[in-house]
Amino acid sequence: MHYKNDRIIIREFTPEEFSLFSTLFENENVTRYLPYKTPEEYKEMFDKALADYEGGPFSRWGIFHPQNNDFVGMCLARIFLDNPDQLEIGYTLGENYWGKGLGTEVCKALVDHCLSINHQKDIVAVTDLDNIGSQKVLLKSGFKRVENLAREDRELAYFVLQKE
């Protein structure tokens, strides 16, 4: 996936950018609503993203600032693990980029990417129940909150994009 406008660039990570990727998850405010992962698990996640670029069209990508190439965060699109008939999107932004409307832009780019791959599958997103900021972004992006999704260890807020 490659997306660019005057506010964000979404592109493949390069192997040298692992330190950017891992630093994102060292901020406790950023990871507050994410499942705990070890540094080794983040390395595996990054390596899998690089490998996925070969097979496409799903993976994790870096989000960068177009003017100074500053690292903004990462995003993903993938087959939803809880329901293979759905496509899941997600993103994580660095704290210094919160509240600037970038989440909404990333959401739109990810939705467009998923629609370009498959118009039939629903597009979904899940958030921690307390992650009100992300929930507002999803609602603003046309998603509708449905019943919570129950996993073994936790419940998540579950959103589905309303088809026109």
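Is Phe71 buried or exposed, and at what relative accessibility?

Modeller: Phe71 counts as buried, because its relative accessibility is 13%, where buried means under 20% relative accessible area, exposed over 50% and partly exposed in between, with a 1.4 Å probe and protein chains only. This is a predicted model, in which local features need pLDDT of at least 70 and side-chain atom pairs count only at pLDDT 80 or more, while totals for chains, interfaces and linings use all residues. Residues are numbered from 1 along each chain as its sequence is written, and side-chain values use heavy atoms, with hydrogens and water left out.

The ring of Phe71 pairs with that of Phe13: the centres are 6.0 Å apart and the planes stand at 55°, so the pair is tilted. Here rings of Phe, Tyr and Trp (its six-membered ring) pair if their centres lie within 6.5 Å, and planes under 30 degrees apart count as stacked, over 60 as edge-to-face and the rest as tilted. The pair links distant parts of the chain, since Phe13 is in the loop between S2 and H1 whereas Phe71 is in strand S4 (residues 71–79), 58 residues apart; helices (H or I, at least four residues) and strands (E, at least two) are DSSP runs, numbered from the N terminus. Phe13 also counts as buried, because its relative accessibility is 4%.

A search of the whole structure finds 11 aromatic pairs. Among them is the edge-to-face pair of Phe13 and Phe64, with 6.4 Å from centre to centre and 70° between the planes. Phe13 lies in the loop between strand S2 (9–11) and helix H1 (18–24) and Phe64 in strand S3 (residues 59–64), so this pair ties together parts that are 51 residues apart in sequence. Both Phe13 and Phe64 are buried.

These rings belong to one aromatic cluster, formed by Phe13, Phe18, Phe21, Phe25, Tyr42, Phe46, Phe64 and Phe71. At Phe18, the charged end of Lys43 sits over the ring, 5.0 Å from its centre; a charge sits over a ring if NZ of Lys or CZ of Arg is within 6 Å of the ring centre and within 35 degrees of the ring normal. Arg32 likewise lies over the face of Tyr33, at 5.7 Å from the ring centre.
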